[in-house]
Amino acid sequence: MKNIRISIIVLLAFLFSSLEGIAQVDTVKIATSSLCSTCKKKIEHDLSFEKGVKKSEVDIDTKVVTVIYDSKKTNPDKIRMAITKSGYDADSLKADPKAFNRLPDCCKDPDAHH
Amino acid sequence: MKYYQFIGTLFPASTGGIADESSHYRGKAECKWNFLSRNFFRFRTLISSFFLLCALGNPLIANSQELLKGKVVDRDNVSKTENELPGANVYWIDGSFPTVTDEHGNFSISLPDALPAKLIVSFVGFQTDTILVEKQKKIKVILKSSVELQGVDITARREAVGISTINPINIEKITQKELLKAACCNLSEAFETSPTVNVAYKDAVTGAKEIQMLGLSGVYSQLMTENISSMRGISGIYGLAFIPGPWMESIQVTKGSGSVVNGYESTTGQINIELLKPDVDETPRFYLNLFRELNGNSEINTHFKRTINDKLSSILMLHGNYMGREMDHNGDHFKDVPTGQQFNLYNRWQYHSGNKLESQFGLKLLTDRREGGQLKDAVATGPSGQIYSTQVENKRAEAFLKVGVIYPDKPFKSIGNIVNVSIHDLKSNFGLKSYDATQKSFFIQSIYQNTFAQTNHQYKFGLNYRYDITEQKYNNQPLQIIENIPGVFAEYTYNYIDKLTAIAGVREDYHNNYGWIFTPRFHAKYNLTDNFLVRLSAGKSFRVASLYSDNISVMASSKALKITEDILPERAWNYGFNSTIKFTFFDREASLSGDIYRTDFIDQLIVDAYSDSSSILFYNLSGKSYSNSIQFTFNYELLPRLDVRLAYKLDDVKSTYLGILQDKPLVSRNKALGNIAYTTANEHWKFDYTLIWDGQKKLPVTWEHADHGQLSSYSPDFYIMHAQVTKVFRKFELYGGCENLLDFTQHQPVINSDNPFSNEFDASRIWGPVDGRRVFAGFRYKFQ
């Protein structure tokens, strides 16, 4: 019983150290061409699969995405590239046209958004 | 127990009253009560200190005599003009100095003692606005019409079960997030994590399920799809299995009597299902779901959305189900789940003219066939050498048209028209018994909605007409019922600065067989603070009992049906009290809600399974029949993204059976539910776990020498567990889980299973799960 308890504690300690200990957390704000809540969800969803991205949040009003990332695994340029591959502009980078075409109507045309 | 005593029971001083009523549950019930009353006491102290603060604060502010002036307008996006909004509510966030705007939309409000402060501006049909006032200067408030709500995003994490603090009617909203927690093949599984609605098997052969609200059978609650009452009579028998899970956008569960707008039925509550809409961005353009259970049950769901132009859009949804394997978990040679297949189609169109006209059209087609009863290789004991089998075949077609006129500059004014036609055909046999029925329904309704002078006085007025022909054949004896019911209704809503809302409604219908039906309903809500409210409701209901279709499970028994007199329609009163408190506990949101509901029947069709062991008696109520239901629900985010729900429910349901007041059969008096849901920070993993405890239920009488001697008159209590995991990938989702993890099943669900054609056969005495552990896995793909 005691052994099991100790091994659980060791395992948990290991898990926490691997999550928090090594990562070097940084934040970047990127202006996007997000238009609606569907865009917000898509950008946040796609970024969550990018290596090194811890968390991202799109502000619909300002269109700015705030990304928290591990600077040892990724950098702002890679994150901007990832956003363009989802079909959105990222700062001065233009959206990937193929990906843009696949977006739902509300994310393409500012007038279609109600 | 009288109604006023009920209200008292929420307060700690009188908790003894309930514990006394149910003395043999004392142990468990009392400790719950103590826990809750302690909590409640804490809130009371909190609230009284709030009032004290207000009382102290008021004179200071009154002396200052400083006013903030402003104007409330709305902007027309087409003409780019602004309209003044008279009658808008304006008040400070703490509820102080409430006022309304004058005929030009102007207001002046006393300043609070400290700035900056938040000012709330609300108006029916518009989104409520909160303005941060930093200094005393004239302000202009532009309200956005709530028609635009779909474009607004809710940044906070969405709760799975929302308990509204705005609506005066006690509505529990089950969102898609909650629906995904269960395997949720169809509506009958959607309530697995909801304490309010319970779902149980009707019998051990057809696989049909039935809901229960407030301890009463599902026939007393009104099931609607998008506010059209679509599961009545024949279509209601197996209806829960006919709305596939992936079609549903959300479910609203209203406890107690609902609005008069939806008709005179709904004694214990209303369940309204919203389906996916083609004009909503969130609805995927393409959706595919594949689902498979270890026992062989398989499903496919797919949707296609098309946006033809900015006015017209459409969605086509398809559902298929196939169960081919004969499963016999307990070795009684009866299938645990019937075999069969379903094909279900739904196509809807939405048209927005861009200004006044809104229109919708929809078509539903369904065919479902289920075969239950003995396994193919069972010993045939039938009179002509057959095995005992059941066949149930449902076919249904339904179409609806909704045409609405809206006034974009006056969002509180509208005209809505609905036409709905349906035909439902049912063919079934249970061994040697047969029951066939066809129901043709026509329904039309018009509602006009507007305000009196100011927008805090709203009213609805409407007319409707229902025509129903039901042709039934029980063992080839025909029975035809024609219902022809015109009706008129009016509902008035009063709103006082969003603190007090009261709805009073009446309707008068004329039924071709039963004459005039008068239905009054009343709802009120009062916010003691922003996060603490109380609700009251009272309402009358009327219902024409449908003897066979309401009690289909009796077909799966050799008991004879004895109808001893002409059956009268059912009438009942329902009263309810609800209190909900939202608070933060260690920086995370929590809510606690308590309900007390009482249903009193004036007339009721009594289904007596106690008085005669060889038959089921049907007669009109003479004496008392009631249901008392008390429920507590606690929701809390225990750790970041770890939501916990705990609920406890007590249902005391009694009817008079030939002069003796007894518990209703197959209703558990005590029930408890616990649910834990966890989502990882990146939302790539979702975990869900549910534990349900179902208390003892009184059982119908059975033959003295049935099977292994006299069966107990109470069922044992039992636990059910469900668990599910979802893994989200970039392009798709995989999920898997297990229903009834403990593999708990009812011992001997079929009485006399070796001899189903004998006089002592019964597959309707069902108090627990019939099928054991169900392991499933599924795949979801969405293209937005």
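Predicted model: local features only at pLDDT ≥ 70, side-chain atom pairs only at ≥ 80, totals over all residues.
Visitor: In what order do the three strands of the open sheet in chain A lie?
Guide: The pairing in this sheet of chain A is antiparallel. The twist averages 15° from one strand to the next. Read across the open sheet, the order is 1-3-2.

Visitor: Which strands of chain A stand at the edges, each with a single partner strand?
Guide: An edge strand here has a single partner, so one side of it is left without a neighbour in the sheet. In chain A this holds for strand 1 (25-31) and strand 2 (53-58).

Visitor: Which residue stands opposite A:Val53?
Guide: Strand 2 of chain A runs antiparallel to strand 3 (residues 64-70) of chain A, and five bridges join them. The residue opposite A:Val53 belongs to strand 3 of chain A. It is A:Tyr69.

Visitor: What angle does the direction of helix 2 of chain A make with that of strand 2 of chain A?
Guide: Helix 2 (residues 37-48) of chain A packs on the sheet and touches strand 2 and strand 3 of chain A. The angle between its direction and that of strand 2 of chain A is about 175°.

Visitor: How far apart do the C-alpha centres of domain 1 and domain 2 of chain B lie?
Guide: The domain assignment of chain B places domain 1 at 27-151 and domain 2 at 161-783. The distance between their C-alpha centres is 38 Å.

Visitor: How many charged residues are on the side of chain B that touches chain A?
Guide: In chain B, 14 residues are in contact with 16 residues of chain A. By class, that side of chain B has one nonpolar residue and five polar ones. The charged residues there number eight.

Notes. Residues numbered from 1 in each chain as written. Chains lettered and ligands numbered in written order. Domains from an automatic or database assignment. Contact = placed C-beta atoms within 7 Å. Nonpolar A, V, L, I, M, F, W, Y, C, P; charged D, E, K, R; others polar. Pairing = 2+ DSSP bridges. Helix = DSSP H or I, 4+ residues; strand = E, 2+ residues; numbered from the N terminus. Axes fitted to C-alpha atoms, helices over the stretch in contact; angles between N-to-C directions.
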